[in-house]
Amino acid sequence: MIKAEITKDLRIALSEYPRRLEHVYGVRDTALKLGKRYNLDLDILEITALLHDITKYYSKEDNKALIDSYFPDSEFIYKEYNDNILHAFSGYIVAKTKYKIKNGEILNSILNHTVGRPNMSMYEKVIFISDYIEPNRTYDSCVKVRKLVDKSLDLAVFTAIDDSIQFYEARKGKIPLIAFKARHYYRNLLEGQND
Ligand SMILES: [Fe+2]
Ligand SMILES: [Fe+2]
């Protein structure tokens, strides 16, 4: 049973980081709640939630070694993305290689859980937003986005992306181009211009 195997590995991988483990379970519970609302496959969501941060505490070197071995354009990844986001790429690789995950919804949802992308699937959106609003998160934007989810998932996604961009802009952080593209996409979608 893949979920039991992942849960066991997760407890070991995050044994020194109990709050991160709580976060992962919070993402799982939130994703399952939203998944029921939108009639999604709950197994897919649970596996994705359990795996999404499995490489969160890999060293920068380990992340890079894994990414170099898998993505031909790894230099582009390092140029575009800040180090905190590399775990999305290595998590995707671990899901594919160690756990033999073939389901595209699981893989894409892990890969895009930090920054999002334009035109995300329902699974990608649910994981992205669950990561943002799970009950252990307390920052202002999260509280705001949590209230929006019941109104409109796309509005919640747009607001999370927009707030994240503004947060990193204020701190002169590295913001990948895909974040701006995603914000543009969801802004147009909400204004009815993406037909
Ligand atoms: Fe993450
Ligand atoms: Fe996370």
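Which protein donors does the iron ion (ligand 2) have? In this predicted model, they are His23 (NE2), His52 (NE2), Asp53 (OD) and Asp131 (OD), lying 2.2 Å from the ion; donors are N, O and S atoms within 2.8 Å of the metal (3.2 Å for Na, K and Ca), and water is not among the atoms, so sites may look incomplete. Residues are numbered from 1 along each chain as its sequence is written, and ligands are numbered from 1 in the order in which they are written. Local features need pLDDT of at least 70 and side-chain atom pairs pLDDT 80 or more, while totals for chains, interfaces and linings use all residues; side-chain values use heavy atoms, without hydrogens and water.

Aspartate 53 also bridges this ion and the iron ion (ligand 1), the two lying 3.4 Å apart. Histidine 52 belongs to the loop between α3 (42–51) and α4 (60–70), and aspartate 131 to helix α8 (residues 122–133), so the pair ties together parts 79 residues apart in sequence. Histidine 52 and aspartate 131 are both buried (under 20% relative accessible area, with a 1.4 Å probe and protein chains only).

Turning to the whole chain, its secondary structure comes to 11 helices and 0 strands, where helices (H or I, at least four residues) and strands (E, at least two) are DSSP runs numbered from the N terminus. Of its 195 residues, 51% count as buried. Among contacts (heavy atoms within 4.5 Å) between residues at least 6 apart in sequence, 62% join residues at least 24 apart. The C-alpha atoms fill a box of roughly 45 × 40 × 30 Å along the principal axes.

Notes
Buried < 20%, exposed > 50% of the residue type's maximum accessible area, 1.4 Å probe, protein only.
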